[in-house]
Amino acid sequence: MKNNHNKIRSLFIFLGFMISLVSLPITAHQLSTGYIIADLGQSGRITGEWQLGLTDLELVLGLDADLNGELTWGEVTNRRADIASYLAEHMHISRGQAACTTQFQGLERLEDHADAVYAVTDFSAQCPLTGTLSIDYSAIFDKDDSHEVVVNISDKDNTQSFVLSQSQRHIKVDLADGSGWITFKEFVHQGIIHILIGTDHILFLLALLLPCVLIRKDGYWQCNPELKKVLSTTIWIVSAFTLAHSVTLTATAIGWIVPSSRWVEFGIAVSVLFAALNNVKPLILRLGWLTFGFGLLHGMGFAGVLGELGLPADQKLLSIVAFNLGVEIGQLAIVLVALPVLIMLGKTVLYRRWLMPVASIGIALVALNWVFERF
């Protein structure tokens, strides 16, 4: 009776864990990203540009006049004044206790980057000479709460980088303070956030962890009674994944390799699909080197996210290291939550015969959908 009670309790724990993962948005990365690049002069004058994706502007302003699903340059420029008004309404700059006088020049040009087309609007602001600079931002959030905007602010000596989001709409900037430390903290934070919203990376890691608590004997999954063996297998697989994606994340972010983002995302989907199906019908039992190979693809995917965030020119390497560290922290957190649950469940017949295969099939179905979407 007690054993049945424990099995039922284990089942509910596992289902709760799986629901918490599946409830994450089924997207690979942040899709809505804007950029504010500004310089602060000694006279208190700020000059800069604000870049917003045309898809974001269409979402909030409805630029597609003929409703044919395609934006033309004429449709965009016809709403130049509306775009400038929208930006002026949703970004406010102040210094000390006084508001800066801000002017938006209207749409100047279009730029292609991060696999999207961006509208670039120049702006200027005259601020007091002293005090902490403050920026309040509220664009896009009412239509897309996943929107983020990367802010790079420079003076003649320093550059600081921030990320504004639904949960952090306000920043204060003091360029006299150590900008390196502020940038480091910001990119560590973004690394953590982007591993936690990167559902494809999470499911790949989970697919690798599911069989770590088991051993394959006589064509069946069986409980691995040696905790030391379970831990060593987990450490080896996670380390292979970590080393691989760290290498390609750095190499891609620096520009040593320039992979096709389409094929990288397709390869990541295939890696999740293979890892999940391999749990159901194992073709490879020693996953270390295979994990390393797939990890190289995932690192390129992380680098794509980092490219969307933008790197301060004078703190490029620092930002890459910080973002990578954040990814590792987020990944370690996932392992520390998942592994104890899996160790407990791995002792049950229910897990070996049903929960692990069913969870793997569920992951495989999600990955198969990604494969078709990204091909």
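Here are some questions and answers on the predicted model shown above.

This is a predicted model, in which local features need pLDDT of at least 70 and side-chain atom pairs count only at pLDDT 80 or more, while totals for chains, interfaces and linings use all residues. Residues are numbered from 1 along each chain as its sequence is written, and side-chain values use heavy atoms, with hydrogens and water left out.

Q: What is the mean pLDDT of the chain?
A: pLDDT is the predictor's confidence in each residue, from 0 to 100. In this chain, 87% of the residues reach 70 or more, and the mean is 82.

Q: How many helices and strands does the chain have?
A: Helices (H or I, at least four residues) and strands (E, at least two) are DSSP runs, numbered from the N terminus. By that count, the secondary structure comes to 11 helices and 12 strands.

Q: How many salt bridges does a search of the whole structure find?
A: Side chains of opposite charge can pair when their charged atoms come close. A salt bridge here is a side-chain nitrogen of Lys or Arg within 4 Å of a carboxyl oxygen of Asp or Glu. One of them joins Asp 82 and Arg 79, at 2.6 Å from N to O. The search finds six.

Q: Are Glu 265 and Arg 374 buried or exposed?
A: These two side chains meet in a salt bridge at 3.5 Å, N to O. Glu 265 lies in helix H8 (residues 261–280) and Arg 374 in helix H11 (residues 349–374), so the pair ties together parts 109 residues apart in sequence. Buried means under 20% relative accessible area, exposed over 50% and partly exposed in between (1.4 Å probe, protein chains only). By these cut-offs, both residues are buried.

Q: Which strands hold Asp 122 and Arg 109?
A: Asp 122 forms a salt bridge with Arg 109, the closest N and O atoms being 3.7 Å apart. This pair ties together parts that are 13 residues apart in sequence, because Asp 122 lies in strand E6 (residues 116–126) and Arg 109 in strand E5 (residues 101–113). Both residues also belong to a salt-bridge network with Glu 49 and Glu 111. The strands are E6 for Asp 122 and E5 for Arg 109.

Q: Which element gives the most to the lining of the second largest pocket?
A: On a 1 Å grid over the protein atoms alone, a pocket is an open set of points with protein on both sides within 12 Å along at least five of seven lines, and lining residues have an atom within 4 Å of a point. This pocket is lined by 20 residues, including Leu 214 and Lys 229. Strand E11 (214–217), helix H7 (227–254) and H8 each give two or more residues. With five residues, the top contributor is H7.

Key: 1 Å grid on protein atoms, 1.4 Å probe; cavity = no way out; pocket = protein on both sides within 12 Å on 5 of 7 lines; lining within 4 Å.
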